Amino acid sequence: MSAVAQAPGPARFCLVLLRRQLTLAVRRPIEIGNPLLFFAMVVALFPLGLGPAPDQLAGFAPGILWIIALLSNLLTSDTVFRSDFEDGSLEQLLLAPQPLFLSVLAYIGAHWLLTGLLLALVSPVFALMLNLSAPAVGVLVASLLLGTAVLSLVGGIGAALTVGLKRGGMLISLLILPFYMPVLIFGSAAVRNAVLGIPATPYLAIIAAMLCLAIALAPLAIAAGLRISVDA
Amino acid sequence: MPQGPGDSLLAVYDLCLERGGRELFRDLAFEVSPGQLLQVDGPNGAGKTSLLRILAGLSRYGFSGRVERRTPLLYLGHHPAVKALLTPRENLAWHVAGEAAYNDGQIEEALARVGLYGYEDVPSHALSAGQHRRVNLARLYLSHCPLWLLDEPFTAIDKGGVAELETLLVEHVGRGGAVVLTSHQVLRVACRVQVLSLTEGLLA
């Protein structure tokens, strides 16, 4: 038996996983486009439902934009581990001589880059459609950047727990929607403050604190959920 | 080889498993030592896959008994863990099993050994089911794990591939590795094959 080959370091392994997930997503661009398309379609519906008065739309805009961002995140959170579960990759990931905490973070990181980050980057366009004031747009992007990362992490817990179920779609919504609420409350409040000209940083700081907590704890829950799902 | 001949790679004590109210096996006890080729035998539904998942550490609940794993192991299950959207080269280079960072040369050689020379950069969805299995089997040529747990490794593999795989198993055992596999085929190998019956324990 030759000398045992060196396993890659955890950081390097995470980069490999990240690259793998991003490559997989880029080769199926419709999956990246879906949440953005959903965002665009629903935003376009609101002026039709609420009436096109710019002032009224601007008043509702923070809440509207945040709710749609939350829903489009919810739509995709189901898929984080699904294909890896179906083709057996997840078993191999659990057996890997690598810290599962970090591997899971890499998966969630890839999910956030493809949904949350892209949503935050395109959100100014939709904010202008709803007549959101210019200073609030910056706060919207910042709150979405922080908030969607929390949503991805929390959604990952639901995805890990329901990945073994044939139809986990509705169950995952029930499981994780309550945990999405605080993010929605503080996220939309930050944008509303910015609209009113009040400093939004306290709210952003609270979302950032939630993110810190989620980064520390969610991977533990996700890892446990994956072990249970693969075991069953 | 760090282990002496007396040290086993895997030891199983008093393993009992029940599924759906049926007892699949009870008081199963055996050791797997370097140089051992162990074939798990039993009809469909006897619990062969369940046993292998317990040995690998994927199943952690629902059975009683103890499994000691003393070396890194390589587990190949029913699902090939091959991503259709990645090429065979990417599948191996970015494999989630994370055992080691292989260079291009090693991967090309392993793919050539499983008969996929020229398919390295073809998207895997253009490959057949048997070729997917072969991509997965290429991991055996790359791996340095002493213990292999293989669940039905011959499924969807053609006759020539089976013969090559049998040769590989003999080589691995000859190097001081050990193999536990489930298969309904009679192995034609030039070394001793021990048979583990789930009902009667280790046969000679």
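Predicted model: local features only at pLDDT ≥ 70, side-chain atom pairs only at ≥ 80, totals over all residues.
Residues are numbered from 1 along each chain as its sequence is written, while chains are lettered from A and ligands numbered from 1 in the order in which they are written.

Let's take chain B as a whole. It holds five helices and nine strands, where helices (H or I, at least four residues) and strands (E, at least two) are DSSP runs numbered from the N terminus. Going along the sequence, chain B reads β-β-β-α-β-β-α-α-α-β-α-β-β-β. The C-alpha trace of chain B spans about 50 × 40 × 30 Å along its principal axes. Its radius of gyration (taken over C-alpha atoms) is 17 Å, which agrees with the value near 17 Å for a compact globule of 204 residues, the rule being 2.2 Å times the number of residues to the power 0.38. Of those 204 residues, 44% count as buried, meaning that 20 or more other C-beta atoms, placed from the backbone, lie within 10 Å of the residue's own.

Now find the sheet. Strands β2, β1 and β4 of chain B form an open sheet in the order β2-β1-β4, with antiparallel pairing; two strands pair if DSSP finds at least two bridges between them. The edges are β2 (22–32) and β4 (63–69) of chain B, each pairing on one side only. From one strand to the next, the twist averages 15°. Strand β1 (residues 10–19) of chain B is joined to β2(B) by seven bridges, and B:Leu17 stands opposite B:Phe25 in β2(B). Across β1, β2 and β4 of chain B lies helix α1 (residues 48–56) of chain B, at about 135° to β1(B). Axes here are lines fitted to C-alpha atoms, for helices over the stretch in contact, and angles run from 0 to 180 degrees between N-to-C directions.

Two buried residues are worth a look. B:Cys145 sits in the loop between α4 (129–142) and β6 (147–151) of chain B, and it counts as buried because it has 25 C-beta neighbours inside 10 Å. Beyond residues up to four places away in sequence, B:Cys145 touches B:Pro72, B:Leu73, B:Leu74 and B:Glu99, contact being C-beta atoms, placed from the backbone, within 7 Å. B:Ala110 belongs to helix α3 (residues 104–113) of chain B and is buried too, with 21 C-beta neighbours inside 10 Å. Leaving aside neighbours within four places in sequence, its contacts are B:Leu92, B:Ala138, B:Tyr141 and B:Leu142.

Finally, turn to where the chains meet. The contact takes 29 residues from chain A and 31 residues from chain B. On the chain A side, α1 (10–26), α5 (89–95) and α10 (201–231) each supply at least two residues, and α1(A) gives the most, with seven. That side of chain A divides into 15 nonpolar, seven polar and seven charged residues, where Ala, Val, Leu, Ile, Met, Phe, Trp, Tyr, Cys and Pro count as nonpolar, Asp, Glu, Lys and Arg as charged, and the others, Gly among them, as polar.

Technical notes
Buried ≥ 20, exposed ≤ 12 C-beta atoms within 10 Å, placed from the backbone.
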